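Please keep the sequence and the model in view while reading.

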Amino acid sequence: MKQYDVTALGELLIDFTENGLSEQGNPILEANPGGAPCNVLAMLAKYGRRTAFIGKVGEDAFGRKLAGILAECGIDTEGLCFDPQVHTTLAFVHKLADGDRDFSFYRNPGADMMLSVADVRKDLIRQSRIFHFGTLSMTDPGCRQATEAAIGLAKESGALISFDPNLRPPLWRDLAEAKEAIIYGIRQCHVLKISDNEIEFITGMKDYDRAARSLQDQFHTKLICVTLGEQGSRAYYRDQLVCAEPYPAEEVVDTTGAGDTFTGSMLNFLLERVDQSATENRRIREAEGGFTVEGMLEGLTDQELSRMLRRANAAASLIVRRRGALRMMPEVEEIATLCREM
């Protein structure tokens with residue numbers, strides 16, 4: 001058996017989110033731990049999954065605080081590095097009138113950009129069933145090389161590769177570079193989670209079904225999940241298309257981490273599926289601890305895809321009702337209760 005269910009590589013940072021006004025009328029900012037890959041791991045940890053993170057923070061107060069929070073959430077920090085010269089990355093999240101967000105980053109440079117090939121813990125990747133990454137670790141040459149090296153190791157070890165573009169335009173010198181990085185990520189992955197605005201950005205198509213099918217045809221991606229905000233989500237697997245309605249929140253407090261929460265829940269479903277197969281089939285259990293990429297994604301039915309999307313939609317609905325993400329992931333019973341109620 002591999003030691004970890006999921007290892008993720010990428011950014012770990014502080015999200016400063018608005019939390020009311022001071023007596024002088026100034027916005028009060030709350031320092032929330034964040035970073036898309038770690039948000040995914042935090043949701044998986046709620047499901048009881050064994051997770052590990054590879055990334056870099058500053059050797060400063062924020063960096064030490066973030067390391068402690070990861071451990072508190074049950075995420076292995078053996079792959080977390082500290083940079084003595086570059087500070088922990090900061091993001092300021094401004095909530096818009098429609099509940100969406102605008103980001104301002106203090107990252108020129110930020111410690112997450114300083115991750116190098118030498119920093120990548122090979123043993124963590126080799127001991128993981130799933131490897132997950134995004135594009136923020138590809139905005140600069142050094143961290144991009146580290147990401148590519150990690151993906152190569154994941155492929156060699158037979159891990160399922162999961163990718164979420166998590167496009168943040170302000171962090172790219174040129175959006176053509178962002179598009180190139182997203183295409184690279186799609187080429188490498190078995191499972192793609194992508195938002196409506198990202199799939200439109202990469203394909204130029206407003207018809208999400210056509211856009212997803214074009215990605216399938218071009219890159220042969222085994223499973224594509226498109227998140228549509230208030231319109232729910234869709235899964236594309238082979239020639240199957242499954243849609244799932246959202247679980248509307250009465251009040252949207254903060255949409256930060258909604259897509260990551262969705263992704264964590266989706267990956268847990270795939271792990272549950274292969275674990276159940278391993279339990280039911282001794283031959284699979286005895287071969288590679290019950291895990292193969294093919295086994296995890298083989299023969300997904302419409303009913304399974306629907307169940308996966310509904311659970312992921314419910315998890316995302318719960319996280320937008322609270323401020324922050326990494327430390328605020330919903331409990332498994334909360335997700336189950338919401339699924340039963342709707």
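Of the 342 residues of the protein chain, 57% count as buried, where buried means under 20% relative accessible area, exposed over 50%, and partly exposed in between (1.4 Å probe, protein chains only). The model is a predicted one, in which local features need pLDDT of at least 70 and side-chain atom pairs count only at pLDDT 80 or more, while totals for chains, interfaces and linings use all residues. Residues are numbered from 1 along each chain as its sequence is written, and side-chain values use heavy atoms, with hydrogens and water left out.

The protein chain contains 12 helices and 13 strands; these are DSSP runs numbered from the N terminus, helices being H or I of at least four residues and strands E of at least two. The radius of gyration of the protein chain, 19 Å, is close to the 20 Å that the globule rule gives for 342 residues, so the chain is as compact as a globular protein of that length. That radius is taken over C-alpha atoms, and the rule is 2.2 Å times the number of residues to the power 0.38.

The interior may be considered next. In soluble globular proteins, nonpolar side chains tend to be buried together. Here the largest nonpolar core has 59 residues, and those with the most contacts inside it are L12, L223, L270 and M308. Such a core is a set of buried Ala, Val, Leu, Ile, Met, Phe, Trp, Tyr and Cys residues joined through side-chain atoms within 4.5 Å. Helix α11 (residues 302-319) gives the most to this core, with nine residues. Beyond its neighbours within four places in sequence, L223 is in contact (heavy atoms within 4.5 Å) with residues including V191, Y237, L270, L305 and M308. Another core, of 40 residues, lies apart from the largest one and has V120, A154, I199 and Y236 among its members.

Helix α1 (residues 36-46) has 10 of its 11 residues buried, so this helix is largely enclosed by the rest of the structure. Just after α1, G48 takes a positive phi of about 85 degrees.

The peptide bond from N108 to P109 is cis, with omega near 0 degrees, and P109 is found in the loop between β7 (101-106) and α3 (122-126). H220, in the loop between α7 (208-219) and β11 (223-227), has a positive phi near 60 degrees although it is not a glycine. H220 is exposed, with a relative accessible area of 63%.
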